Amino acid sequence: MRRRVVVTGLGVVSPLGNSLLESWAALCAGKSGVGYITKFDAADYSVKIAGEVKGFDPLSFVSKSEARRFDNFILYAVAASRMACEDAGFDRHRPLPEDLGVIIGSAIGGLTTVEETYKTILTAGLEKLSPFAVPCSLANMAAGVVAIKEEARGPISCPTTACAAGAQAIEMAVAHIRCGNAVAVIAGGTEAAVTSLAVGGFAAMRTLSTRNGEPQKASRPFDKKRDGFVISEGAGILVLEDLENARKRGAKIYAEVIGVANSADAFHIAAPPAGHEGAVRCMKRALRDASINPADVDYINAHGTSTQLNDTYEAQAIKRVFGEYATSQLLVSSTKSMTGHMLGASGGFEAVAAIQSIREGIVPPTINLDSPDEAGAGMDFVANIARKANVDVAMSCSFGFGGVNLSLVFRSFKD
Amino acid sequence: MTLDEKVINIIAEQLGRETAECKPEAAFIEDLGVDSLDLFELVMVMEDKFQVTISDEELKNIRTIQDIINFLKSQGVE
């Protein structure tokens, strides 16, 4: 009999706001967090837009020297984790260190640190290399530092499954709690890759939107006029907990994680196949893990990146799994229309959005949706305006380069 | 070596194919099983070897090996 896993804390840092309250309010208002790149000089780049975190003050969470040496992907994770743990009431009732795990994924980790370090070698010489360059570049250092800050000595890990990393962290955390390895896990994703290498590299793949004249309209998942994704950054963290422990300490329970699944496409390094068979299998498996039928799902927070291939094939996959229900009552939206694509952080942030939709009875919109792609014909993408709806079950899907598929299913908590 | 032969040799080398397979009328995606990333990389090699620039707009018109040969000729490459 596997243990039940519930969500008792939420924390986010995103281009829409550096707290859950701010980000959720912006999502409900259909606001865009996309603007012109300021983190580096993008004058010569074909892509000049991104969803950047704004006005983030790390000193609320770390010391001055830590703020100096820790890459932003670590700082965003520390902040979001602190907010999630505070939200979970850990300051009053914290699990024993050996029972508290940390699983925080990131696609690329300390990319800014890597770039600056390399520049230092080329311009100033090896002797000027910081002793913190290596540790603070490692993708798992977000989990490492959060473990120190939150005194977590249980399971610790960092999935690096690209754009599915944050969702995979949640999947792994659920597995640990279900089999009793941990009583609670701080889980999600973090990313701070708005850098010359990442933007230049994605641009070389022609996968980023070049709608530089209208940044806030560039991320347009499922829309016919989409031309690529908008890179962004931030962190999305959940506190996942064994239901029995949550009950014992009288914790607020936001939702239950009733199903998780992971599958591989084994098709191409960066593109899904037509129909996205791997995603179909993954969603079906998540429903089976949750012991529910397709028509029990009220809302899907889609991967919906705003690329030609993902959005067309994801719509096809949803129709395959949900049949007629996909074009009758199912609500689907992509919050990437507002945040941009937070890469490894997106799975964490979008899990938070799915849980919020259950708590608040509001489904965030897919903004910039003027005219849906044919593949999505008949589907309700909650175009442009948030929708009041009773959301009992919400699914969140994340797909990553390397053909990685993740699906998470959340339900309002029933005793 | 003619320009046609040079181009075919480069393509064969890049794609790991026999030159005989790389006929001028061969379409990259449909006939040679090339994907978009392979094509972007191939175009960069052409730009490098022949000192030309192929814009994203022009790239949209490149479907076959002959299209590349024609483009190079239009840029005065011999």
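Which residue is the bridge partner of Gly101(A) in β6(A)? I started my notebook with that one, and I kept in mind throughout that this is a predicted model.

**Entry 1: the β4–β6 pair.** I looked up Gly101(A) and found Val185(A) as its bridge partner in β6(A). I then checked the two strands as a whole: β4 (residues 100-105) of chain A pairs with β6(A) in the parallel sense, over six bridges.

**Entry 2: the whole sheet.** Next I traced the sheet that these strands belong to. I counted ten strands in an open sheet of chain A, in the order β5-β4-β6-β7-β1-β8-β14-β13-β9-β10, with mixed pairing. I noted β5 (156-157) and β10 (331-333) of chain A as the edge strands, since each pairs on one side only.

**Entry 3: strand β8.** I wanted to know how enclosed β8 (residues 255-264) of chain A is. Nine of its ten residues are buried, so I wrote this strand down as largely enclosed by the rest of the structure. I looked at its neighbours too. β1(A) runs antiparallel to β8(A), and three bridges join them; here I found Val7(A) opposite Ala255(A). With β14 (residues 404-411) of chain A, the pairing of β8(A) is also antiparallel, over eight bridges. In that pair I picked out Val260(A), whose bridge partner in β14(A) is Leu408(A). A handy reminder for myself: side chains in a regular strand alternate between the two faces of the sheet.

**Entry 4: a helix across the strands.** I followed α10 (residues 277-290) of chain A and saw that this helix lies across β8, β13 (393-400) and β14 of chain A. Its direction is at about 145 degrees to β8(A).

**Entry 5: two domains in chain A.** I looked up the domain assignment, which gives domain 1 (5-248) and domain 2 (259-411). Their centres, taken over C-alpha atoms, are 21 Å apart. At the contact, 61 residues of domain 1 meet 57 residues of domain 2. On the domain 1 side, β1 (5-13), α1 (20-28), α6 (165-178), β6 (184-191) and β7 (234-242) of chain A each supply at least two residues. I marked α6(A) as giving the most to that side, with eight residues. By type, the residues on this side of domain 1 split into 31 nonpolar, 20 polar and ten charged.

**Entry 6: over to chain B.** Is Gly16(B) buried or exposed? I found this glycine in the loop between α1 (3-15) and α2 (36-50) of chain B. Gly16(B) is exposed, because I find 6 other C-beta atoms within 10 Å, and 12 or fewer counts as exposed. Last, I checked Gly16(B) against Gln51(B), 35 residues apart along the chain: their C-alpha atoms are separated by 23 Å.

Conventions
Residues numbered from 1 in each chain as written. Chains lettered and ligands numbered in written order. Predicted model: local features only at pLDDT ≥ 70, side-chain atom pairs only at ≥ 80, totals over all residues. Domains from an automatic or database assignment. Contact = placed C-beta atoms within 7 Å. Helix = DSSP H or I, 4+ residues; strand = E, 2+ residues; numbered from the N terminus. Nonpolar A, V, L, I, M, F, W, Y, C, P; charged D, E, K, R; others polar. Buried ≥ 20, exposed ≤ 12 C-beta atoms within 10 Å, placed from the backbone. Pairing = 2+ DSSP bridges. Axes fitted to C-alpha atoms, helices over the stretch in contact; angles between N-to-C directions.
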